[in-house]
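Dear colleague,

I am passing on the structure below, together with some notes on what was found in it. Please read the notes with the structure open beside them.

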Amino acid sequence: MSKVTIDRVMADRRAASFSARSIKTGSKGEGLKLVLSMVDLTTLEGQDTPEKVRSLCRKAMRPDSNDPSLPTAAAICVYPEFVAVAKAELGDSGVHVASVATGFPSGQYPLAVRLEDTKRAVEAGADEIDMVISRGLFLAGQRGRVFDEIAQIKEACGSAHLKVILETGELETYDNVRAASDLAIAAGADFVKTSTGKVAPAATMGVTLILLESVRDHFIKTGKHIGVKPAGGIRSAKVAVRYLVMVRETVGDDWLTPELFRFGASTLLNDVLMQLARLRTGQYMSRDDFSEA
Amino acid sequence: MATRLNITKTHKLYIKGAFPRSESGRSIVVNDAKGAVVAHVCRASRKDLREAVVAARGAQCGWSRRPAYNRGQILYRMAEMLEGKRTEFTEVIEAMAVKSVSRTGKKKTGKKKASLARTGNGGVKALSPLREVDASIDRLVAFAGWADKFSQVLGCNNAVNGPYYNFTVAEATGVTAVVTPDEPALLAMVSLIAPVVCSGGTVVAFASEREPMTACMFGEVCATSDVPAGVINILTGQRDELVPQIASHRDIDAIHAANLPKAQGQALRDGAPDSVKRVRVREIAASEWLDSDVCESPWWIEPFVEMKTIWHPSAT
């Protein structure tokens, strides 16, 4: 695997340049609907309960009760314990169930446990598995072992899609982020994902750009499409639209679909709905107008 | 000796504890009667309004949970800061006073005479610029005092048949939009803001369109008085443009205004039912702005609090 190095200054500057576009009215509306369809509505708390998960599922299927024309969210992202609950609630709505697995969020467990974790989530009905890599192994230089682990977990996933969480906030440098992304893709990832949401900084435009470039280079080499999922820290509709601009200008229109680009978020959804309602009604909305996500 | 250039102040908006320009980049010119440019101020857009409301909403919970006594301290601190800027405020109001005189059709010459007769609003000779500033300071002190006392006046212990206490207590309504009349620009704005802030509400205040500079300067008073960012936000610009936006904004819980042109007052009332706002558009005679019985009453607080009734077991 050839090693690509990243010029941090220029990567950040390029990422910042996507924030300068002015996207208004019609385009904004379409962009926001696309964002909505790309959201992995996430709850990953110790205090999650089955009813909290069911409520989130209902929100994913019908984001705004006042506007049935809106698309559903892409998926619900929960702990393995709640996969069955979510699956039952979502039925054939088309909203996927994504489960974090492999000892989320630290990944500091024996491989056998992490594989078992994955298999159980798949058996419970998860359509997508969000795995965490062993940052410890990666930073210790044992990248071959990280590769093997991802490959084995990919096998354990069967037909479920595998998203590989790099936890970029712990990888120290953009060079590491790029190397981890290339490694995950080579090992069989269907998606590369920035963060668990448990570590700051979570998703930034800079690291997401690195992942998009890694995916783009892989596409040029092999013709295969790999997805990207920034997660954590994207809370406003405005910022989400900037990510779409970055996707389009880095990897092109192919990626502007929930099949290949996702937002891991919870508070983002209601902000998107507020902006869409504002476009629809001409009024600025209150948070009280929307159910909790 | 080289002539020194005056360093004039750039008047900006006050949102979330900072002084941004309008996101729209627009400004309006403030002229005195002779057409001389007195200042440029920002012409806030609906997006500036939105940002201000977001700031006020963000600050609301923390502000209403502060001890009432502390809110009183902070209002008193605002009075202290305004006292320190007394001369500056007076001069700015004086600079504008010429204009009001021309509106009444009286020809006045000389600064002193003009300043004694700002009679745009029914001829109040008493309201000199200095008087207006002093009254504004006193008004802040009055509501600083009310902060930990109004709930004793508005709340009560209800008689119930059973071994319970039954209390009614006042809680802040939330985000209130203040719409200031043309004059007295400073005194009216302070009088409309203070009752809301003292009871734990947060404010987005729209300045007098004719004399907006004192409002911008009042932002400086807030910024140096330990008022948490977002509790008071101040916008300048064209009232006609933003009144419909204020009326329809669903995250504004209440509106406090006075002496507006009929159509604007009506627009505020018309927009309110859809988002269930409390609206109080007052008609205050010019002389009443100085009247503490009128403007420093706890009933100025009452429209911007919600009454909550609590049952509590009694010891017997």
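**Sheet, helices and chain contact**

In this predicted model, strand β2 (residues 75–78) and strand β3 (residues 96–101), both of chain A, pair in the parallel sense over four bridges, where pairing requires that DSSP finds at least two bridges between two strands, and where helices (H or I, at least four residues) and strands (E, at least two) are DSSP runs numbered from the N terminus. Within this pair, I76(A) stands opposite V97(A) of β3(A).

The two strands belong to an open sheet of eight, with parallel pairing, in the order β7-β6-β5-β4-β3-β2-β1-β8 (chain A). Because β7 (227–229) and β8 (263–265) of chain A stand at the edges with a single partner strand each, one side of each is left without a neighbour in the sheet. Neighbouring strands are turned by 25° against each other on average, direction ignored; axes here are lines fitted to C-alpha atoms, for helices over the stretch in contact, and angles run from 0 to 180 degrees between N-to-C directions.

Helix α7 (residues 143–157) of chain A packs on this sheet, where it touches β4 (128–132) and β5 (161–165) of chain A, and its direction makes about 150° with that of β5(A); contact means heavy atoms within 4.5 Å. Helix α9 (residues 205–222) of chain A lies across β6 (191–193) and β7 of chain A, and runs at about 170° to β7(A).

The axes of helix α2 (residues 25–38) and helix α10 (residues 237–250), both of chain A, come within 10 Å and cross at roughly 90°, so α2(A) and α10(A) are roughly perpendicular to each other (65 to 115 degrees; under 35 counts as roughly parallel, over 145 as roughly antiparallel, and the rest as oblique). The contact involves G31(A), L32(A), L34(A), V35(A) and M38(A) of α2(A), together with A237(A), A240(A), V241(A) and L244(A) of α10(A).

Between the chains, ten residues of chain A are in contact with ten residues of chain B. The buried area, meaning the accessible area (1.4 Å probe) that two parts lose on being put together, summed over both, is about 1000 Å² between chains A and B, with 37% given by carbon and sulfur atoms.

As to conventions, residues are numbered from 1 along each chain as its sequence is written, and chains are lettered from A and ligands numbered from 1 in the order in which they are written. Local features need pLDDT of at least 70 and side-chain atom pairs count only at pLDDT 80 or more, whereas totals for chains, interfaces and linings use all residues, and side-chain values use heavy atoms, with hydrogens and water left out.
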